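I opened this entry to record what I looked up in the structure. I began with the overall fold and then turned to individual elements.

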Amino acid sequence: MRRRQKRNYKFTEKTQSKRGIASLFTAIVSMAIFVAVVVDSFWNRGSGSIYLGSVGIFSMLLAVAALVLAVGSLREENSFKLFPYLATFFSFLTTGVWVALYVLGFMMQ
């Protein structure tokens, strides 16, 4: 006699959070721009152009927008919370790195 394996199915109405996924993507893009800006500034020995600074400021604002979107996605009612939690973590990390970079830059002048 063969035993049937018990299958565990979960029937739920929950969906993946679209705002959480968008926020995670935005935070990752902001972190990638941060790495590109730091590498370019390093190769230019600290004398980056005004365009490099503009991209940095845009990316910092992008990180703040991702943080706001991630916190908002945590409040969604009928959705899974994996992407909102990941997005919140990466958004806090990215925003913190950008703020620390600008604070250090102002302190060293």
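**Overall fold**

The model is predicted. Read along the sequence, the chain gives the pattern α-α-α.

I then looked up burial and surface. Of the 109 residues in the protein chain, 26% are buried. The chain exposes about 8,600 Å², and 67% of this is supplied by carbon and sulfur atoms.

I also checked the contacts between residues at least 6 apart in sequence; 78% of them join residues at least 24 apart.

**Helix H3**

I noted that H3 covers residues 82–107, a run of 26 residues. From its first C-alpha to its last, H3 reaches 37 Å, close to the 38 Å expected at 1.5 Å a residue.

Which residues of H3 are buried? I recorded Pro84, Ala87, Thr88, Ser91, Thr94, Thr95 and Trp98. I next looked for what covers these buried residues, and found that the cover includes helix H1 (18–43) and helix H2 (50–73).

**Val37**

I located Val37 in helix H1.

I listed its contacts with neighbours within four places in sequence left aside: Val37 is in contact with Leu52, Val55 and Gly56. I also looked up the pair Val37 and Gly53, which lie 16 residues apart along the chain. Their C-alpha atoms are separated by 8.3 Å.

Technical notes
Residues numbered from 1 in each chain as written. Predicted model: local features only at pLDDT ≥ 70, side-chain atom pairs only at ≥ 80, totals over all residues. Heavy atoms only, no water. Helix = DSSP H or I, 4+ residues; strand = E, 2+ residues; numbered from the N terminus. Expected span 1.5 Å × (residues − 1). Buried < 20%, exposed > 50% of the residue type's maximum accessible area, 1.4 Å probe, protein only. Contact = heavy atoms within 4.5 Å. Areas by Shrake-Rupley, 256 points an atom, 1.4 Å probe, with all protein chains shown as cover.
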